[in-house]
Structure formats: structure tokens, C-alpha cells
Amino acid sequence: MKKFNIRKVLDGLTAASSSSSSPAAQVGAAKENDAVPETLQSEHFQLCKTVRHGFPYQPSSMAFDPVQKILAVGTQNGALRLFGRAGVECFCQHESGAAVIQLQFLINEGALVSALADDSIHLWNLRQKIPAILHSLKFNRERITYCHLPFQSKWLYIGTERGNIHIVNVESFTLSGYVIMWNKAIELSTKTHPGPVVHISDNPMDEGKLLIGFECGVVVLWDLKSKKADYRYNYDEAIHSVAWHHEGKQFVCSHSDGTLTMWNIRTPAKPAQIITPHGKQPKDGKKPEPCKPILKVEYKSTRAGDSFMVLSGGLSYDTVGRRACLTVMHGKSTAVLEMDFPIVDFLTLCETPYPNDFQEPYAVVVLLERDLVVIDLGQIGYPIFENPYPLSIHESPVTCCEYFADCPAELIPALYSVGSRQKRQGYSKKDWPVSGGNWGQGTQSYPEIIITGHADGSVKFWDASALMLQVLYKLKTAKVFERARGKEEKANTDIVDEDPFAIQTLCWCPESRMLCVAGVSAHVIVYRFSKQETTAEVQLLEVRMQCDLSDVESPDTAGDQTPTRHSPVNESPQEAEPPAVASTQSAAGGNNSNSSADGPRDNIPCLQVRSSPLKQSPGYQVELLVQLVWVSGEPPQQITSLAINSSYGLVVFGNSNGLAVVDYLQKTLLLNLGTSQLYSPSEPSQRQPCSPRKTRQPSGVLCDSTDGPSAAEERCKSPNSGSTSPCNSDDDRKAKFIEKVKYKSRRFSKTVANDFARMSRKISSCNEQKPNPELHSIPSRKRFYYTHSGTSTTTRKSVRLAFPPANSDHNMNSKDNSFSRSRSSSVTSIDRESRDAVCAFCFCETFPRKSTDGTTSPCMLVGTTQGSVILVALSLPHGDDQRLLQPIGISSCGTVARLKGGILTMALLDASGSLLSASHEPWYDPNSSDEEKEKEKSRWRRPASPPSWQEGQDSQFAVLCSEKQAKVLAMPSQTRVYKHNITESSFVLRADVVCMAGTNCIACFCANGHIMTLSLPSLRPLVDVNYLPLTDMRIARTFCFSNLGQALYLTSPTEVQRITYSQETCDNLQEMLSELFTPVETPEAPNRGFFKGLFGGGAQSLDREDLFGETASGKASRSLAQHIPGPGNMEGMKGAASGVVGDLARARIALDERGQKLGELEERTAAMMASADSFSKHAHDMMLKYKDKKWYQL
């Protein structure tokens, strides 16, 4: 017998009822959606990394090619960063992720050797735009400690931890049988092991002599031909580095006791000179006091003048707390250059690559832990070069970032013009010395801007066009506040332990150039862009947001509402609160941590605003500062969402307590509501705007000066009631009882909570039936503003806030769209009241209700963490002249939809699927003349009237995306037409509606590392790639999408990784990337001179092939190292390349190789022809000489 399943029957009935509830609407929606063309296909998407910007995270080594002018930096996580001229950067990564301990360029050959901490060496091909590994060699039995590759040599010396030296052919990456064993290098009488090899270098004048430095302090001059040690130099202190003089007769060693020893190669008995650069020289001739180790020294000579000796470390031990220093010794002068961070490595840049010539140093590249500094040695005072790379991203830790592609063309020049005035002075006047490579030839030239917010309160604007990155402008938001000068002044910044000015989130309108930032100390700053300098006081607006439903924002002043700066005033004692001692504090926050000596802190912001006028340079200037204040001893909640609209002149922000709407033109607070109050449209209430004030009133109660405490208690009033008549004590007790019930029920079972909820409904039903005469009209400017204690005050500006009755059939045509907001579901409402927070906003022009007059109006979509989307209508005054005089009406239109998970993004599309962007005003300079300002204001873009709407037809789509799913609603009917569950096992971290290939789509980044795109409006999946698992919250905080298939995230604390999900960009990536290798002729070798050539005083060459080749030295042990062919060789590259770009790249490489081979063949042919001509000439001469002679005359 077939098993009966009641669940399937119920599911079928539910599906049938939902499908038959509105067949006409669904048929109409289907017909309408069929007419929306969708051109995006999966073929338009491909995911790949483009470029990485910023400072290499945790650098460990560095190398420089003096001919190609390319700088390479290795990191502790196996990454390689290569730098050329400004805009030429490249990123590579070793698969093992081991630290890079040393780098060696094959000078002017387009190759680089890297040695890793896992005892492997790799050969990188830099002739490709994306460098790849050609060969790898993994040592099995010995640890690599040092590498040396002589100039124009193919034999690489490798020193190991055991003290041995192996030799590798870099062309084939095979080991030579020639090995220098440690026991043969040191004296036979030595009983201890000399330690690891810390230095290897050949004599500049004799390539057959190899200088080997051991950690214990022993230096050996090894003769490669005779395979024995010529000289041994012993010193008591450990060696860190060795450097040759270019004549090959002297070398200098740096030691662990802070000394430098100078040695003549022919006098190994004792050093020729001992120098302690930073040690105190005693008068009695004793050894100087020991200093810190000198980690590295370089010895460079000049033709005219004294030699340079550059060293790091060696400071005296009594300099505790002193920063790391680089010492430059030139002749008798010694310059100590302090660095901001510890020194990792440094290199001296010289004019010639030949070690046996005068070096002529001109700069020193210093690699610090968090910076890269280049010092000019040719100018007095050793100034630094201005760094052209975007290495200052981490100057302060990045807390948020936004990416804007295809911006207005005039934005970048405007930001650059004001940012150029911020540049520091005193840089070297010479050009940046790292000048190799060439820029890419990409065809994409649209403007791109990246904005980063930082922990110190700064905001940086970056030009990100054409795969480059350059800082344009830096804004310091902390200038608005007073900085604490001591620990005793940090009492108010309890909301965060450190970085109280850190940027939490930001919102930017590129067209109007309005900027709004929210900080972690619960403050919001609105900025306008101006090209003129100004000095003005900061206009402040304080907002009291609290979680309790009965606590509603109270105005803090009665009287003058003109925006002005606050001045310290004496506050009266709080009359309705528990008795407290009166205190005096600044209106900007003061230094008092509490509102009274015994009571909790109240009505105090977290940061103190500057009391003096603020001088603001051209650029972004403060329009308004909004601060959330403490409420009854509780700090304000951090702001989680932010939005600004320049056309409406509104800023809206939300947190876990609710949302607030601020009119930054009138400098007033329009609305301050808890999230739960948006869910109750059947309860009308009024809200009154408050403006920046001069005086602060006692918190919790606002009463006239003639009223006593008894009068204040008698005139109490429920905040959710529309009646203005005073309530009796019974009603007051009922309201308090309701709130206690809601609080207590959170700890009870569901059954008990339902009983409490039913009781609260009966009590509140009486108040709901009371008429509200002020809901329909506002006859005068005098309005009642409701506070926690129920008193009222009079203000000069007003705002109308109306909640329409709930719609019983509101948006409930489908099962997933339907959810209960009735008062019967008490547990749901209690949970929502306790946990629901505002997390997303969207200003738009849409239909506020299902039954409308056929025109759209300004609205705002509000998204919450519980997945609710609430529509709020805005009523703007008509005409620009009335905008600053009349209030703005705000009314909640109820919930539009409910999704799983918190809302991430919302947008509107028209009937054709095009994105309906929020209206905005064009930019105008607020500090310009009145005539110019009026001329610009006349061009304000007001919401355009849409085509007439016919009854029964939908003309807009509302796109809603949450952490779990996406929905598309038809407007104004508010019916769901499409739904897609994005993920079940994970959740979406970032979602944006972006423009791609002329149309729109939703781009999502999930916590499991997947990047997905959905078409609009049908929500059809287009691409799903497992790209990057969420390993760090930094990625979740900074990942953002932009238009035209661009995205970025902070891959490390110091680096930004840009990616693309556009097939077109991936196809053009090879052309857009910069080239590292450029054909450059190697400089001529130094002239030996007649006498040096005659008497043998010049440089001695060595045929290393005869010494290290297989025929002379044999084969190395196979177990010593394992050869691994790299994927970057020609075979691997041919297999990996694909598409038209790959074919072109292969063809170009083949042509280059063919041309190179043809050139070599031509040279050989010419040499053979010359040899043949010479032979023919000699043969002819011989013939003429012996032509007439007999055989016996020979």
C-alpha cells in the first residue's frame, strides 16, 4: 500500500492557493518580463587577477638590476614585487609560500633567481608581462644561507648552513660536481665548525679568487683553479657581511660587536684598521665599548673624492628606544639617518654594473618593514626621492574602501589640483632612479577612483585608471575634533579603546562631489567640495538614539534654532531623572566623563569638537557634523549604514537602535526612529526636527522654567500616541507595564511570551482608537515633540511624519513574500525589537504605494538585518526657494518585502531593465560668488517626471539582495516576479548592482569564496567561480565591486588586489599590463689601460666552464638536489596560452626567438666569411711567394 504523506498534500494546497491568488498579476508580469531583453551571457564573464598595489607585506629581501633599472622585493610569504618607473609594477607568487631569503638578477638578461627558506632556488623569466618560473632546484640535505651570481656569469654560488658551497648552472639549473667543502676551506688545526656561510663574492680584479665568509668570524680567500685556500682571515667576533673595494686589494667586514674590520688581502695576520662608527673611544687606548651588530656594510668608491661606506645598525646600546638608523660615512664626515621603521635591507645604486670599476654611487635604496626609501647621495644633507609608487596605502590601517569606475571626467583633475598642494617639500630634485620598464598599451581609458578610509580618520582618493594607482587627495577628518593631550583627557572615547577617529563607512556622490563619512565614535561628517580656502566654525548636530521603544529623540533646545557653534553653558539639574548633582560641561562633549558626579553619563558625545574656528584648505570642507550621544550611561551604537542624496539634501544613517534622517541644508534632524517603529504603520505619531543648538537642556525631561517636578510628571504622554492631551496615571502605568512585559518576556518560554503579548495588545488597543487631529494637518509652526518623560517643547521648524494604516493584502501574493507582522506573533516582534538593525539604504524615485496617482515621488528604501525592506516616502517642498524654508514630509509606507538574511543592496530598474539612479545635483562651489552659485543651482537635476502610469501595469522593478537570496519586485504592485536563492550553506558578504557590457547585473561575493553574478531582472545565474575563501575579516570589510567588471579587496594590511570578472578585460589584459624588460645595451667594460695590460695589473678573467663543467668536475650527487621544470618554460607557456591574445603572444615570442637565432646565425656567418677571406689571402700570399721557386729551393 502506498504511504500517505500529509506534508506533500499541504504543500500542494499551499502552492495551489498561492498560484491561484493572483493569476492576472502573474500573467501580466510574465508578459511584461518577456519584453525585457537580457543581453548578458556567461561568455561575457571571466575571473582573473589584474594588478596588486601597495607596499609588499612583510618584506624580507631586495635586488636591483643596474642596467634595466628594475627593483625586486621578496616577502616572507613567498611573494615577489617588481618595480620600474612610475606605473610599472608586477606581482608574482611562489607556490610554496616560503620566505624569500635572497634575490639575484641576471643583469640585463631579463631573469631573476630567488632563494627561499625551504631550500629551493627558482629562475624567473622577466621577459614576459606576467613573469613565470623557468626552472627550480630543491636541495634535500642542506639548508641554503647565501647566494652569489657574478656579473655576466652563468654559474651561481650557493652557500649552505653546513659551510659548504655548491655551484649551479643557471641555464640548465643543474648542479656542478665542483664543491667547496668547509673542512678544506678552514685550517686543519681548527677544531670547531665555522658555522653557516654568510658571504660569497669573487675578487673584482681576479675572478679566480673567491672570498668566503663564515659566521664564526673566519674569512677565506679561495683559489678556484688550485682548489685550495690562499689566505685565511680570523677575527673574534661573528661576521654579518663583507664588501670589496673595487681594486680588489681590500675588503671590509661588519661584525656583531658593532665594529668594522678593514683587511688587506696579502696581510691576513691582523686587520689593517678597526672602526667602531658609533662606539665611544676610550682615552687609555682600550677597546671601545661594544655596540649593536652592524648587519650590513657596502664599500663604494668614486673617481673624484673619498669612498662611501654605508652601513645599517651598529648603534650604541645606551640609545634605548632610538629608531633604526642608516649610517653614511664619506671621508671624514658621518651622517646618521633615522628611519621610521626597522631596516630590512639596503642597496647602494651605482653608475656601473662592473665591480672592478669606480662605482660612483648616487643613491641608496632602503627597504624598511613598512616603507621604501631612496636617499640621494649626490646632494648635501642626503635628501630622499619622492616615491612615485602607491606605497602609502597602509600609512594608517585601511578600515573601509569603495571603488568607482567610469566616473565623471573632470573629477580626477579637480582632486589632483587640490591634492597637489598637500605634497611635502624638501625632496631631491633628481628623477626617480628606478626607471625601467614600459607602460601598457591598453584601450580601456575610463576614469576610475578608489576611496580608502583609515584608522586615523583620514580618507584618501586614488586615481586607479589604466591599472595604475596614484594618490590624488587626502582628507583628515580628525581635524574637526580636539585631540586628547594626555590620558586624563580620553574619558569620552570609551566606545573604542584606540583609533577613535577611524572611518567606519563612507558614501560618495561623484556627480555632486558630496562626501559623507561615519566614524567608529558614532559620528557622521558631511563634506562639500570647494576650490577655495575657508575658515568657519563647525556646525554640530547631536542626536539621541536609544533602543527602548518609549525613548524617542528629544530636542535639546527651545528658542533659537539657527545653526551655530556651541558654547559652554551651565546645565540645570535633571528634574525628572533620579536626583543628581549638577555639573558644568561643554556642549561639544567636554572633558567630564559623566553627566553628574554620581549619575550615569548622559547626553554626551564620544568626541569633543574643536572650540575654535576651523581653517579648511581647498578640497573637502565640513558642511555638518552629527554626533550620537550617550543615553543613560550607555554609549551610542556604532553606525552600520549610511547614505546621502545631494538632490534632496538629506543624509540618513542607521545602527542597531534605528535610523535617523538629517537635512544637511537646514541643519535639522528630521526623523529619529527605532527599527521596530517602522514595523508599526498602524500607529501614527509625530516627530519634530531639532537643529544645532547653543545650550543643552537636561536629558530625559524638557519643561518650562516655571514648571516643577510635579508638573513635569503630570504632563507625561505616551510616545506612540497621537493625542496631545495629557494622559492619566493609569495610562502611564499601562505603558510602563507593556515595556516591562516586552523586556521580561525575552527570558520566558514562547507560551508565556504569547500570554504577555495578548495582554499588551488589549492594553494598547484603547490608545489606538484615540483620534489624532495632527495627523492630517499642521496648522501652525508650534508642534509637540515627545520625549521619554512626555514633556513638550516649541521649535521653529517642523516635519510631518505620517504612518498609513496597514494594508491587509500588502504584497502577500506568494508564499515566500508573505510574513506576519501582526501583533499576535509576539516572539517574532520581540526578537525583531531586540536584534533588528538598519543595514542598508537606497534613495530612489518610485511609487510610494500600490494605489497611486500614476507618478513617482522621492522615496527611500530601508533594509534591515532581519531581511525586511521598508519603503519610506519623502515629500519635498516645491521650488528651490522653498527648500530652505519649508519642512520635508516623511511617511512610512510599510514593508515591501522580506528576504532571508540581512539586506545588502537595493536598486530600481525601469521597464526596459535600465538602472534608475538616484537624482543628484551638479557640483557647485559653495564658496563662490552669489551669481555663480545661483547659476549653478539653477541647473540642479530634480527628479524627472516619468511617463504616465496606466492602471494594472508595472513600470519599475525593485531589485533586492540579501545575505541569502535575491528578489525582484514589480512596482507599483509590489508583487514578486523573480526570486533566486544565492547560497544555503554560506552567506553573501558583498553584493552590488553593477553595469556590465551596457546592461546591469548583481555581483555577489560569498564567505565561502565564491564570486557570482545574476542577470537582471530575471536573476539568472551567469557565473559562479570559487575564487577566494574568506580567511581574514579584512577581505570581508574591504571587498567591493564596481562597474565594467572591476572589483578589489585588501589582500594584506598593506596591499590592494584588483580583479576583473569581465571577459573583455581578461582578453585585453596582456596589452594593458606593463613590460618589465626592455632591450638595453650593456655598458662597455672599463678600459684596462696600456700598462695594466702590459704588466698584468688588470682584471683577470676565468673560464668557469672549464672548471665547473661536467667534463672537468663530473656530475653532482643526485640526492643532493632535485631539478623541477617550471611552468614558465616555452613548453609550459605554449600549453597555457589560449585565445587570440595567447596566439599573438606566442607569435611575438617566436619572432623574438627567431630574430635572435637569425642574428646569431648572421654573426657566425660573418665570422666564417671573415675567416675564409683571411685564409684565402694567406693562401694567395703563399702562392706568390713560392710560385717561381724550384722544389730544391724551398
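The dialogue below sets values from this predicted model against the cut-offs behind the terms.

Student: What makes up the protein chain, in helices and strands?
Tutor: The protein chain has 19 helices and 62 strands. Of its 1194 residues, 53% are buried. The accessible surface comes to about 54600 Å², and carbon and sulfur atoms hold 51% of that surface.

Student: Which strands form the open sheet, and in what order?
Tutor: Five strands form it, in the order β6-β7-β8-β9-β62, with antiparallel pairing.

Student: What makes β6 and β62 edge strands?
Tutor: Each of them pairs on one side only; β6 covers 100–106 and β62 covers 1121–1125. On average, neighbouring strands of this sheet are turned by 15° against each other, direction ignored.

Student: Why is the pair of tyrosine 233 and phenylalanine 251 called edge-to-face?
Tutor: Two values decide it. The ring centres are 5.0 Å apart, and the cut-off for a pair is within 6.5 Å. The planes stand at 80°, and edge-to-face means over 60 degrees, so the name applies. Tyrosine 233 lies in strand β17 and phenylalanine 251 in strand β19, 18 residues apart.

Student: Why are tyrosine 233 and phenylalanine 251 called buried?
Tutor: Buried means under 20% relative accessible area. Tyrosine 233 has 0%, so it counts as buried. Phenylalanine 251 also has 0%, so the term applies there too.

Student: Why is the pair of tyrosine 473 and tyrosine 620 called tilted?
Tutor: The centres are 6.2 Å apart, which is within the 6.5 Å limit, so the rings pair. Planes under 30 degrees apart would be stacked and planes over 60 edge-to-face.

Student: Which residues do ring pairs link into a cluster?
Tutor: The cluster consists of Phe45, Phe1005, Tyr1027, Phe1039, Phe1041, Tyr1049 and Tyr1061.

Student: How do you know that arginine 52 lies over the face of phenylalanine 91?
Tutor: One test is distance: CZ of Arg must be within 6 Å of the ring centre. Arginine 52 is at 3.7 Å from the ring centre of phenylalanine 91. Another test is direction, within 35 degrees of the ring normal. Arginine 52 is listed as lying over the face. Arginine 513 lies over the face of tryptophan 923, at 4.1 Å from the ring centre.

Student: Serine 396 is in a loop. Why is serine 396 called buried?
Tutor: Its relative accessible area is 6%, and the cut-off is under 20%, so serine 396 is buried. The loop runs between β28 and β29. Not counting residues up to four places away in sequence, serine 396 touches His454, Ala455 and Asp456.

Terms used
Residues are numbered from 1 along each chain as its sequence is written. This is a predicted model: local features need pLDDT of at least 70, side-chain atom pairs count only at pLDDT 80 or more; totals for chains, interfaces and linings use all residues. Side-chain values use heavy atoms; hydrogens and water are left out. Two strands pair if DSSP finds at least two bridges between them. Helices (H or I, at least four residues) and strands (E, at least two) are DSSP runs, numbered from the N terminus. Axes are lines fitted to C-alpha atoms, for helices over the stretch in contact, and angles run from 0 to 180 degrees between N-to-C directions. Rings of Phe, Tyr and Trp (its six-membered ring) pair if their centres lie within 6.5 Å; planes under 30 degrees apart count as stacked, over 60 as edge-to-face and the rest as tilted. Buried means under 20% relative accessible area, exposed over 50%, partly exposed in between (1.4 Å probe, protein chains only). Contact means heavy atoms within 4.5 Å. Accessible areas come from the Shrake-Rupley method with a 1.4 Å probe; for residues, only the protein chains shown count as cover.
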